[in-house]
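Dear colleague,

I am writing to hand over the structure that we discussed. Please find it below, followed by an account of what was found in it.

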Amino acid sequence: GSSSRARGDRPDALAALQAANEELRAKLTDIQIELQQEKSKVSKLEREKNQEVKQIKEHEQHKSTVVVTELKVKLHEDKMKELQAVRETLLRQHEAELLRVIKIKDNEIQRLQTLLNAVRDGAPDKVKTVLLSEAKEEAKKGFEVEKIKMQQEISELKGAKKQVEEALTMVIQADKIKAAEIRSVYHLHQEEITRIKRECEREIRRL
């Protein structure tokens, strides 16, 4: 009787073992499917993050281009204003020069009239003294005029150089700021991707 029960229990135990084996295989298949799904999710997240980083780079590059363009436009506008101011200054200088020439001509007429009167009076020494004095005065005036013109030109060149250097410094600073922002955003996204990968790997190992 005992041997009959033992032979009867073996098929049952074998069937139970096979059922447990099938159940384990089914669970293993489910785990493999879930693992594949997680891998797909990770790949999808990586693609999304790469796309997002690419879009951010393009956006930041566009913003940087816009900033540089605006700076160029502003620089051009400033240059046009500067040119207009220079034109107005030159016009005023031209008017002042005309007035100066008119005054010089008036003085020349007066000088010639004085010489003519001296010649009529028959005083050659007096004429010589007047001419020498006038020659000295003319030389002094000419030197002062050239000195003033050179000082004005030097001042204008220094001002123009300073404006160009300031504009260039602004452009370079804006480029540096935008580049630093892009690098910061890129590093943040790289850290986020690394964190997600680690979490997925831990989850995969747990499964």
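Predicted model: local features only at pLDDT ≥ 70, side-chain atom pairs only at ≥ 80, totals over all residues.

Overall architecture

The protein chain contains 2 helices and 0 strands. Helix H1 covers residues 2-121, and helix H2 covers residues 124-206. Of the 207 residues in the chain, 9% count as buried. The chain exposes about 17,100 Å², and carbon and sulfur atoms supply 58% of that area. As for contacts between residues at least 6 apart in sequence, 85% of them join residues that are at least 24 apart.

The largest pocket

The largest pocket has a volume of about 510 Å³. It is lined by 18 residues, of which Leu90, Gln93, Lys149, Gln152 and Glu156 are the closest to its centre. The elements that contribute two or more residues to this lining are H1 and H2. Helix H2 gives the most, with 10 residues. Sorted by class, the lining of the largest pocket comprises 7 nonpolar, 5 polar and 6 charged residues.

The second largest pocket

The second largest pocket has a volume of about 390 Å³. Here too, H1 and H2 each supply at least two residues of the lining. The residues that line this pocket are Arg100, Lys103, Ile104, Asn107, Glu108, Arg111, Glu134, Glu137, Glu138, Lys141, Gly142 and Val145. By class, they divide into 2 nonpolar, 2 polar and 8 charged residues.

A lysine in helix H2

One further residue deserves a separate paragraph. Lys178 is found in helix H2. Is this lysine, Lys178, buried or exposed? Its relative accessibility is 15%, and a residue is called buried when that value is under 20%. Lys178 therefore counts as buried. Which residues does Lys178 touch, leaving aside those up to four places away in sequence? They are Glu60, Lys63, Ser64 and Val67.

In summary, the chain has 2 helices and 0 strands, its largest pocket has a volume of about 510 Å³, and Lys178 counts as buried.

With kind regards

Key:
Residues numbered from 1 in each chain as written. Heavy atoms only, no water. 1 Å grid on protein atoms, 1.4 Å probe; cavity = no way out; pocket = protein on both sides within 12 Å on 5 of 7 lines; lining within 4 Å. Points joined across faces, edges and corners; volume = space filled by probe spheres on them. Helix = DSSP H or I, 4+ residues; strand = E, 2+ residues; numbered from the N terminus. Nonpolar A, V, L, I, M, F, W, Y, C, P; charged D, E, K, R; others polar. Buried < 20%, exposed > 50% of the residue type's maximum accessible area, 1.4 Å probe, protein only. Contact = heavy atoms within 4.5 Å. Areas by Shrake-Rupley, 256 points an atom, 1.4 Å probe, with all protein chains shown as cover.
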